[in-house]
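Hi everyone, thanks for coming.

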Amino acid sequence: MNGLWQRAADRIRDELGQVGYETWIGPLNFVGHQGSTVTIEAPNRFFRDWINERYLSLMRAALSKEAGEEMEVRLTLGENAAVATPQQRPANGHANGNGNGKASAASRATAAAAPRGDRHPTLNPRYSFAEFVVGSANQFAHAAAQAVANQPGEKYNPLFIYGGVGLGKTHLVTAIGHHIWASGDRPRKVLFMPSEVFMNEMINSLRRDKMGEFREKFRRVDTLILDDVQFLAGRERTQEEFFHTFNALHAERHQIVLTSDKVPRDIPGLEDRLRNRFESGLIADIAPPDLETRVAIVQKKAVLDNLRLAPEVAMYIAQSVSSNVRELEGCLTRLAALASFNQSAITMDFARQALQDLICNHDAKPDVESIQRTVADFFHIRLTDLKSKKRTQHIAFCRQVAMYLCRKLTDSSFPTIGEHFGRDHSTVIHAHNLILRRVTSDPAFRLSIEKIERELKSIRANAA
Ligand code: ADP
Ligand code: MG
């Protein structure tokens, strides 16, 4: 495999998570790389349409970041396009995309490319306002984004949106881009750029002695959207250049939109003068969505993907993934893939089964043995001592912690836990209450316990 594609694929994996990656990106083949165009082969039409619609921008961005210049992706069909290839994960390949409405994906993509529709031709077509679900956690950011989209350069300039990973920042600012591009009496030039691409392009221009062109390119745009500005941290030369770009655009009342994972003052290594600029407009945050919003997001995505989803299935997915919309989508994507390949309906049983490996990462309960082992490791004692009758203070204490965690994290009863330690249930109850009191009253102690719980979780995630 080509090195550039390999590195870009690694990036995509970080974005999509392992399951989404294996479902959608794993089956793709690198074909060739010519100039700034990379050709990628999809195993069948279903894949190609799906990738075109959902992952093309992601692939383009990842390749651009790795190449240090803007890259294009050309998707082709494999020779045996109608036949399922061995690497395809879902097993029985009804591979030509008939029967579940996916054909419409391609026509939609074409429609999006028509001159001055309602979507900007090179921005991710799915990241529009229409497809963004508003809830209490993103209400303010959404309102600010709409205000800016309706009156670019006039209301809030810059607009700075911050929040955790996978919460919809890129989606929201892309929606601004679509809207500004599509509205107004003349086509407006909208430039969306990940900060890393800005940096790489600048470095390349410096190297090739083409800074004049570089500056020209940015100063001609009506709206500049710079995604993930935290990447400018500590890059002095890039910050200096961006400072001038910013000023030039701002002076002309051209809209600037920025995203970041933190507020400006918390971005380490950000120059004061740039921080001041970032803070001079409107700052809006996006927090993790509540359960209601998550259900609404799942339902909306299901409709967009032509998936029939019973309400209890939507609820099941929304409850299973709590902090990251991208993961939520990963669950749905997996369901969509399996359902389409198996041509089956998404019942609750189907969903449970399909999402098992995905969700068990979050949900699975550890067993008593792994708790015993982890606690023994954590406190540097031998497992045999933990399970022995020894009563030295330190060992007894570790045993109590292990008993407490067994009760908290497994479904085992007090007597069952006792059996694993060769003790009776009253000893376990005593240990449990003792540790529980300490967890409640001693914050430092609570942190240690949480650390053990996290360790248990990562062991399970790795085992899955
Ligand atoms: P970020 O840039 O904050 O890391 P993204 O904008 O890439 O997050 O969002 C991750 C995924 O979650 C995208 O596919 C996006 O469409 C989806 N998403 C996030 N928030 C929402 C929302 N409120 N409504 C619909 N989709 C959302
Ligand atoms: Mg983003």
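Predicted model: local features only at pLDDT ≥ 70, side-chain atom pairs only at ≥ 80, totals over all residues.

Residues are numbered from 1 along each chain as its sequence is written, chains are lettered from A and ligands numbered from 1 in the order in which they are written, and side-chain values use heavy atoms, with hydrogens and water left out. And when I say helix or strand, I mean DSSP runs numbered from the N terminus: H or I with at least four residues for helices, E with at least two for strands.

OK, sheets. Two strands pair if DSSP finds at least two bridges between them. One open sheet has 3 strands in the order S1-S2-S3, and its pairing is mixed. Which strands stand at the edges? They are S1 (29-34) and S3 (72-77), each with a single partner strand, so one side of each has no neighbour in the sheet. From one strand to the next, the twist averages 25 degrees. For angles like that, axes are lines fitted to C-alpha atoms, for helices over the stretch in contact, and the angles run from 0 to 180 degrees between N-to-C directions.

Inside this sheet, strand S2 (residues 37-42) runs parallel to S3, and 6 bridges join them. Lying across S2 and S3 is helix H3 (residues 56-67), which runs at about 130 degrees to S3. Contact, by the way, means heavy atoms within 4.5 Å.

Now the other sheet I want to show. It's open too, with 5 strands in the order S5-S6-S7-S4-S8 and parallel pairing. The edges here are S5 (190-194) and S8 (282-286); each has a single partner strand, so one side of each is left without a neighbour in the sheet. The twist in this one averages 15 degrees from strand to strand. Strand S6 (residues 223-227) pairs with S7 in the parallel sense over 4 bridges, and Leu226 stands opposite Leu258 in S7. Helix H7 (residues 195-207) packs on the sheet and touches S5 and S6, its direction making about 90 degrees with that of S5.

On to helix against helix. Two packed helices are described by the angle between their axes and the distance between the axes. For H9 and helix H10 (residues 272-279), the axes come within 10 Å and cross at roughly 35 degrees. Who makes the contact? On the H9 side it's Gln239, Glu240, Phe242, Phe243, Phe246 and Asn247, and on the H10 side Arg273, Leu274, Arg277 and Phe278.

Asn157 and Pro158 are joined by a cis peptide bond, with omega about 0 degrees, and Pro158 is in the loop between helix H5 (139-150) and strand S4 (159-163). Arg253 isn't a glycine, yet its phi is positive, about 60 degrees. You'll find Arg253 in the loop between helix H9 (236-251) and strand S7 (255-260), and it is exposed, at 56% relative accessible area. Asn306 also has a positive phi, near 55 degrees. It lies in the loop between helix H11 (291-304) and helix H12 (311-320) and is partly exposed, at 43%.

Last stop, helix H16 (residues 368-378). Which of its residues are buried? Val368, Ser370, Ile371, Gln372, Thr374, Val375 and Ala376. Just after H16, His380 takes a positive phi of about 55 degrees. The C-alpha atom of Val375 is 9.5 Å from that of Glu453, though they are 78 residues apart along the chain. Glu453 sits in helix H21 (residues 443-463) and is buried, at 18% relative accessible area. Neighbours within four places in sequence aside, Glu453 is in contact with Leu405, Lys408 and Leu409.

Terms used:
Buried < 20%, exposed > 50% of the residue type's maximum accessible area, 1.4 Å probe, protein only.
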